[in-house]
Amino acid sequence: MRRVTSAGHVIRQVLLAHSDIDRSYTYGFCGAPPFPVRDYVATIRVTPALADEGSFVEWWATFDCAPEERDKWVKHFATEGFAKWLAALRRYLSNGGCHGPHRQQAAARPVTTSDYGT
């Protein structure tokens with residue numbers, strides 16, 4: 001379980017799959033979704049970048065909704081969700097992440113996207 005904040009909503013999610021080999025996590029909403037979508041499943045995957053010592057991060061979701069609202073929710077998750085969460089993750093990691101100045105505090109509890117200031 002994890003707690004995420006997005007656009008003023010507190011969202012609880014459950015881990016559905018985890019792969020060290022694929023460097024990925026897949027999760028869904030726990031309980032009723034805070035948005036009018038069904039069967040929401042999202043995956044985040046990190047792939048090493050060969051050009052430098054960085055990484056390429058992909059984050060995507062599949063879901064069902066009313067056909068006339070599909071474009072609205074695709075745009076919402078892309079701009080109000082993944083883009084902001086990825087920017088927050090970049091800031092967090094640029095500041096040293098769990099190995100930065102607050103290492104002991106961060107290592108004492110699991111890190112969630114709410115820790116990234118979203």
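His9 sits in strand β2, which covers residues 9-19. The model is predicted. Its protein chain has 118 residues, of which 30% count as buried. The secondary structure amounts to two helices and five strands. Read from the N terminus, the order is β-β-β-β-β-α-α.

**Confidence**

- Mean pLDDT for the protein chain is 81, and 81% of the residues reach at least 70.
- Strand β3 (residues 24-29) has the highest confidence, at 95.
- Helix α2 (residues 103-107) has the lowest, with a mean of 39.
- Over residues 102-118, pLDDT stays under 50.
- For that stretch, the model has 25 contacts beyond four places in sequence.

- His9 has a relative accessible area of 33%. This value falls between the 20% and 50% limits, so His9 is partly exposed.
- Beyond four places in sequence, His9 touches Val4, Pro34 and Phe35.
- Pro34 is 25 residues from His9 in sequence, yet their C-alpha atoms are 7.2 Å apart in space.

**The β2-β3 pairing**

- Strands β2 and β3 run antiparallel and are joined by six bridges.
- One of the pairings is between Ala17 and Thr26, the latter in β3.
- The two strands form a hairpin, with four residues between them.
- Arg23 lies in the turn and has a positive phi of about 55°.

**Ser55 in strand β5**

- Ser55 belongs to strand β5, which spans residues 55-64.
- Setting aside neighbours within four places in sequence, Ser55 contacts Val46, Thr47, Pro48 and Ala49.
- Arg45 is ten residues away from Ser55 along the chain, and the two C-alpha atoms are separated by 9.9 Å.

**The largest nonpolar core**

- This core holds 16 residues. Val37, Tyr40 and Phe77 touch the most other members.
- Elements giving two or more residues to the core are β3, β4 (38-48), β5 and α1 (70-94).
- Helix α1 gives the most, with four residues.
- Which residues does Val37 touch, not counting those up to four places away in sequence? They are Phe29, Phe63, Asp64, Cys65, Trp73 and Phe77.

**Cysteines**

- Cys65 has a relative accessible area of 11%. That is under 20%, so Cys65 is buried.
- Cys30 is at 27% relative accessibility. The value is not under 20%, so Cys30 counts as partly exposed rather than buried.
- A disulfide is a covalent bond between the sulfur atoms of two cysteines.
- With a cut-off of 2.5 Å between cysteine sulfur atoms, the count comes to zero disulfides.

- The protein chain exposes about 7900 Å². Carbon and sulfur atoms supply 55% of that area.
- Take the contacts between residues at least 6 apart in sequence: 34% of them join residues at least 24 apart.

Note on methods. Residues are numbered from 1 along each chain as its sequence is written. This is a predicted model: local features need pLDDT of at least 70, side-chain atom pairs count only at pLDDT 80 or more; totals for chains, interfaces and linings use all residues. Side-chain values use heavy atoms; hydrogens and water are left out. Contact means heavy atoms within 4.5 Å. pLDDT is the predictor's confidence in each residue, from 0 to 100. Buried means under 20% relative accessible area, exposed over 50%, partly exposed in between (1.4 Å probe, protein chains only). Accessible areas come from the Shrake-Rupley method with a 1.4 Å probe; for residues, only the protein chains shown count as cover. A nonpolar core is a set of buried Ala, Val, Leu, Ile, Met, Phe, Trp, Tyr and Cys residues joined through side-chain atoms within 4.5 Å. Two strands pair if DSSP finds at least two bridges between them.
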